[in-house]
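Reader: I've just opened this one and I'm new to it. Could you walk me through it?

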Amino acid sequence: MSFAAKSPLAVSWSDPPLPVRFMDRGGLFGLLVKNAFLTFITLGIYRFWARAALRRYWWGSIVIAGDALEYTGTGLELFIGFLMFLAIMLPFGVVYGLTGLLQASNPLAGALLRLVEVLIFFVLIQFVTFRARRYRLSRTMWRGVRASQGGTGGAYLWLVIKWTLLSMITLGLAAPWARLAATRYLMDRTALGDLEARFDGRGRDLLAAWATPYLLFIGSIVGFLVMNIGRLGTPGVLPQGLWLLFIGYIGGGLGILAYFIIELRYTIRHTRFGEIALGSSLAIGGIIGRVVGFCFVAGIVLGIISAIIAGVFASMGLLHPAAPGAGLPLASFISTFVSLIIGLTLVNILRILWIDRAIVRQVCDTLSLSNIDRLDRIGQSTAPVPKAGEGMADAFDIGAF
Amino acid sequence: MRGRLNDGRTSAVHEVHLIVDPEAGYVRFEPAVEAAAVPEPWPLARIRLVERTGQGARLTVEGWEGARLQVDAEARDFLTLHCPDLHRRPKANWSGLRVAMWVVLAFGGLVGTLFVLLPRVAHQAAIVLPGSLDRQLGASSEKAMLTMLQLSGRAARRCVQPAGMAALDRLATRLAAAGGLAETPRVTVLNSPVVNAFALPGERILLLSGIIDRAEGSSTIAGILGHEMGHVAHHDPTEALVRNAGMGLLIGVAMGDLFGGSSAGIATLMLTRNAYSREAEQAADGFALSTLAAAGIDSQPLGRFYSRIGREQAASGVLIPSLLSTHPDPGDREARVAREGRGGATAMSNEDWAALLRICDQLAPDKP
């Protein structure tokens, strides 16, 4: 076993050695500020390079048996993927706009076409979700060995469509099965070098975790309807039991958050890479507490920004009477826009520092591996490497990292 | 010098001593552990820096996938002396020509869509949009406008003093008939000190009371109403709404996640910036002048109003160059009124004008 502590050049850590650790490379705040600034002054073009730099930070901070992951993707690849998306999507955008015209003169045909477009959109999003994962894994390296995602976007898409329909028929009750089916397809075709992953999770194991928020939502809505059944259609009468809806939504929201954490832990526990089994002792409470706290802070920041925007409108509208018909003065338009961007950027930075990093740290530090000796004998991957970045996924912001 | 080497074939870690041989142009590796396999030597000319690390650096060999060598600071500095191309970037998969091709395609398409396709689509859309939808758009734009005025500190309320409303209605009906409009647009006065007026989809016109207070006569109001009726006659408000919504969407997609899902925000802002092209403004001015002439109303007060506004804009220090501003230069507008305008009577009787000036003495309740 060539374990970290023996080597002076491996990343060192305290005893007893954990196989996986989050070891902050440092400089995240500076990186985020630099990214935000350059993205802002380049009108968004820098965002591809910003994203690649951020990924280098995340990957480089995850240390497995003494060696950090390495992200080998570049901003240029992401940029090219985006350009391809733009060139391909523009005709689609024009068709989308023309449908609006058709809908105006012929509502039925227009509505049908719009429905088809929405379906195409859904299909495209599944497709690019798969492509984005394949790209990211192909740019992930550990000890010089590359990760890979097999399978095809088409097969993944078909699977998701099937399970989405089934979820809809069962009013959402089949959601854990649907989600795990997608996870199984992806995981069973994931590999690090020649070490292939296997996922053996079953939807029924997550039913209890899913049922809690599900019943809270449904129960509060049904309860609310029952309480107001006699009052429907009577004007001027306030509905009773709004508190029931309130509790249902807040409780259901927290329940869904807890479900996602439980599902993540379950997915880790039921994944193995060859002879190496993964384990996790991820706790739920800490993450939920942080997310709730963050929502409060983000609300306050956005509230302050709205107040600033309102102030700008007030001064601009009164100080500079515009010519008749000119709409808003350009200056107030731009300053509104800028304060909106600054506010959202601030909230985004806060989220990464406070939520994302804490979650990644907890997931890593609670992860365990069996048979770690096997880690020294992984052969290089022979899977093909996609050339361009994930383009459309970037445009829709799929995949947080 | 010690190093931690991965050869790119397996994940095995080779703890090695580095032996740099500049004569042969290679760095050889000697296992630190007895009887371990000896890794292949690396050619110095092809060694590249992956990144500097806290301890030293991580290196690779160009063209040798997955080869990685972690060295300490001492070894890094030593190798820097002997590796000529240590800092050369690894060759990108993408040639400059192909990148340039995609740049041209993507941005050509974007610019073409924004400035050629979208305005035409918007123009056609405004013409074929059925009246019911147009009226809905008008109602929602009026609400948006009220919200914006509310944001600017003072909640704007509708002015409903009956005598003033009747006077305004009479003028609007007369102008619509003179201008050949099929229907008389609904004119609403809002209580706001801002000097402005807007045409909205669904044949609606909003006058902010600031413009009445500063008009110095009913003929100016007639001219401004004529201008906004010109926009209504040419479907400009609907066209601008469709065009700006499309622009907001496209720009949002192109700018991506810069603001984290802000395309909706941009689209909304675009909606509120209800600007028309210079051609549309000139056409509306022309409509106003011919309508005033047909109604027998003196158009010179309108010209004086434009020149007053122009002077105020200059004095306020936010002079917008005429090419950048969406409206024609006030001086040009004044000159056009002098050139093409006709003389005539005042637009309203003295009683009607006095009533209009007092239209905001009575305000509609908060929620219209």
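Reader: Okay, what pLDDT does chain B average?

Author: Of the residues in chain B, 83% score at least 70. For the model as a whole, the scores are ipTM 0.78 and pTM 0.74. As for the chain B average, that pLDDT is 81.

Reader: And in which helix of chain B is confidence lowest?

Author: Let's start at the other end: α4(B) has the highest confidence in the chain, at 93. Two stretches of chain B fall below 50: residues 257-265, with 19 contacts beyond near neighbours in sequence, and residues 317-325, with 7 such contacts. Where pLDDT is low, the predicted coordinates should not be read in detail. The lowest confidence, a mean of 48, belongs to residues 263-272 of chain B, helix α8.

Reader: Back to α4(B), then: how are α4(B) and α6(B) oriented to each other?

Author: Helix α4(B) covers residues 162-179 and α6(B) covers residues 218-233, and their axes are 10 Å apart. They pack at an angle of about 50 degrees, and the crossing is right-handed. Angles under 35 degrees would count as roughly parallel and 65 to 115 as roughly perpendicular, so the two helices are oblique.

Reader: Which strands does α6(B) lie across?

Author: Those strands make up an open sheet with mixed pairing, in the order β8-β10-β9 of chain B. Its edge strands are β8(B) and β9(B), each pairing on one side only, and the twist averages 20 degrees from one strand to the next. Helix α6(B) runs at about 25 degrees to β9(B), and lies across β8, β9 and β10 of chain B.

Reader: Last one: through how many residues does the hairpin join β5(B) to β6(B)?

Author: Strand β5(B) spans residues 47-52 and β6(B) spans 56-61; they run antiparallel, with 5 bridges joining them. One pairing there is Arg52(B) with Ala57(B). The hairpin between the two strands goes through 3 residues.

Technical notes:
Residues numbered from 1 in each chain as written. Chains lettered and ligands numbered in written order. Predicted model: local features only at pLDDT ≥ 70, side-chain atom pairs only at ≥ 80, totals over all residues. Pairing = 2+ DSSP bridges. Helix = DSSP H or I, 4+ residues; strand = E, 2+ residues; numbered from the N terminus. Axes fitted to C-alpha atoms, helices over the stretch in contact; angles between N-to-C directions. Parallel < 35°, antiparallel > 145°, perpendicular 65-115°, else oblique. Left-handed = near helix turned anticlockwise from the far one by under 90°. pLDDT = per-residue confidence, 0-100.
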